[in-house]
Amino acid sequence: MSHLLFTPVTLPTPDGHGLAVGNRAFVAPMCQYSVDDLDGVPTDWHLSHLGALAAGGFGLVVAEATAVEARGRISPKDLGLWDAGQVAPHARLVDFIHGQGRAAGVQLGHAGGKASTWPMLPGSDDGTTIPADQGGWPTVSADDAPVMPSMAAAGALTEAQIAEVVDAFAGAARRADDAGYDVVQLHAAHGYLIHQFLSPLTNHRTDGYGGDLAGRSRLLREVVAAVREVWPDSKPLGIRVSATDWVDDGLHVGEVAEVLRDLVAAGQVSWIDVSTGGLTDGSTIPVGPGYQVPLAQEVTRTLADAGLGEDAAVVSTVGVIVDATQAETILATGQAHAVSIGRAALVNPHWAAVAASQLRVPRAELPHAPQYFRANF
Ligand SMILES: Cc1cc2nc3c(=O)[nH]c(=O)nc-3n(C[C@H](O)[C@H](O)[C@H](O)COP(=O)(O)O)c2cc1C
């Protein structure tokens with residue numbers, strides 16, 4: 001049986017060589033809230049979690065939202081890459097992933113006005129701001145209004161402070177390279193800082209970082225340019241976007257696709273992971289199997305119309321993709337070039353090996369760790 005999910009994919013790079021990834025099942029970045037000392041440093045949990053996913057056969061394993069500066073953490077227990085001391089523990093994760101023959105990615109992010117919230121662990125009051133006397137910190141955003149009703153007001157970044165944030169992204173990217181990561185994914189989704197600037201829901205600025213699409217996308221474009229400066233030409237740069245806010249007065253896929261098309265055409269970005277939402281209560285989001293696939297398809301089509309196919313940028317889709325046939329159908333119908341798997345990978349870290357077996361990949365080619373050869377995938 002032919003299958004696309006377990007055919008290799010190349011993430012294009014400016015030097016023309018590309019990053020070869022063994023298959024098209026990627027791990028979606030997922031916060032683990034497992035930084036014990038609140039210092040952004042990966043722990044044994046991260047090694048165990050990402051290690052299992054690498055052993056389980058995913059072609060690209062992407063570490064969770066990793067803060068480019070301490071105040072950009074979603075929660076105090078997030079990973080970071082704002083300090084040189086964080087590099088070696090990240091390198092330990094990368095080395096294990098590479099040892100399994102997988103590509104290693106890291107999502108670099110800044111939570112902006114959605115920072116300083118409680119970790120999403122059982123019993124926590126997640127989605128609300130941590131008070132200062134309980135370890136919370138002041139947050140920043142495009143505007144000085146609260147980004148969500150349950151969160152504290154943020155401080156609107158000045159232009160000089162925006163430049164510092166851009167520098168922080170570049171510094172973190174340099175450290176991600178030092179740690180050996182193959183891919184950086186910029187977090188421009190889910191209502192965090194870059195999305196706060198992109199969306200008319202949370203950006204009412206009257207300076208050059210607000211207003212029309214050119215203004216609202218300026219922070220993203222500056223971050224991409226600054227990261228691309230320090231991120232090697234031999235490595236692909238990705239972006240995760242929220243392609244829509246799912247409300248009329250929010251961000252729409254046409255705008256997002258236009259910005260992405262220009263970044264891909266400029267040769268700066270070569271992997272786009274298409275998610276949605278993050279700035280509303282979610283009540284208008286039609287969550288269901290593959291509900292975000294049409295958005296990925298729209299981005300794929302916009303790029304293709306500009307002559308930008310998989311050889312220019314790989315588009316991955318995410319969101320309630322749970323089984324092999326579903327994933328295979330998405331790829332076979334050209335709606336995306338790869339799939340990112342989130343919760344299904346938490347349920348079963350060996351999701352990829354099982355999916356390969358279901359798609360009748362020959363037993364000797366199943367993407368599992370050799371130690372699991374005798375398992376009946
Ligand atoms: C525990 C958990 C943590 C998450 N953390 C992140 C994150 O760090 N960055 C991000 O962009 N999305 C994050 N997400 C969203 C997932 O990457 C994914 O987009 C979402 O779960 C939908 O995909 P799924 O239906 O396959 O789970 C998280 C999701 C879960 C369940």
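Which residues is leucine 346 in contact with, leaving aside its neighbours within four places in sequence? They are Met30, Gln32 and His49, where contact means heavy atoms within 4.5 Å.

This is a predicted model, in which local features need pLDDT of at least 70, side-chain atom pairs count only at pLDDT 80 or more, and totals for chains, interfaces and linings use all residues. Residues are numbered from 1 along each chain as its sequence is written, and side-chain values use heavy atoms, with hydrogens and water left out.

**Overall build**

- The protein has eleven helices and 13 strands; helices (H or I, at least four residues) and strands (E, at least two) are DSSP runs, numbered from the N terminus.
- Its radius of gyration is 19 Å, close to the 21 Å from the globule rule for 377 residues, so the protein is as compact as a globular protein of that length. The radius is taken over C-alpha atoms, and the rule is 2.2 Å times the number of residues to the power 0.38.
- The C-alpha trace spans about 60 × 45 × 40 Å along the principal axes.
- Of the contacts with a separation of 6 or more, 71% are between residues 24 or more positions apart.

**Surface and charge**

- Of the 377 residues, 59% are buried. Buried means under 20% relative accessible area, exposed means over 50%, and partly exposed lies in between (1.4 Å probe, protein chains only).
- The accessible surface is about 14,300 Å², and carbon and sulfur atoms hold 53% of that area. Areas come from the Shrake-Rupley method with a 1.4 Å probe; for residues, only the protein chains shown count as cover.
- There are 22 positive and 41 negative charges, and their mean positions are 6 Å apart. Lys and Arg count as positive and Asp and Glu as negative, while His and the chain ends are not counted. Each charge is placed at NZ of Lys, CZ of Arg, CG of Asp or CD of Glu.

**Annotated domain**

- In an unreviewed entry, UniProt lists residues 5–359 as "domain: NADH:flavin oxidoreductase/NADH oxidase N-terminal". UniProt positions are given in the numbering used here, feature names are shortened, and annotations may be inferred rather than shown by experiment.
- This span is 33% helix and 16% strand, and its end C-alpha atoms lie 9 Å apart.

- Leucine 346 is in helix H10 and is partly exposed, with a relative accessible area of 44%.
- Helix H11 (residues 351–358) has Trp351, Ala352, Ala353, Ala355 and Ala356 buried.
- The cover over the buried residues of H11 includes strand E3 (25–27), helix H9 (324–332), strand E13 (338–341) and helix H10 (343–347).
- Arginine 360 counts as exposed, at 62% relative accessibility.

**Loop residues**

- Tyrosine 33 sits in the loop between E3 and helix H1 (44–55). It is not a glycine, yet its phi is positive, at about 45°; tyrosine 33 counts as buried at 12% relative accessibility.
- Threonine 117 is in the loop between strand E6 (103–109) and strand E7 (140–141), and at 4% relative accessibility it counts as buried.
- Not counting residues up to four places away in sequence, threonine 117 touches Ile74, Ser75, Pro76, Thr128, Thr129, Ile130 and Met151.
- Glycine 319 lies in the loop between strand E12 (314–318) and H9 and is buried at 12% relative accessibility.
- The C-alpha atoms of glycine 319 and proline 289 are separated by 7.2 Å, and the two are 30 residues apart along the chain. Beyond four places in sequence, glycine 319 touches Gly288, Gly290, Tyr291, Gln292 and Ser340.
- Glycine 342 occupies the loop between E13 and H10 and is buried, with a relative accessible area of 14%.
- Glycine 342 and valine 27 are 315 residues apart in sequence, but their C-alpha atoms are 6.3 Å apart in space. Leaving aside neighbours within four places in sequence, glycine 342 is in contact with Ala28 and Met30.
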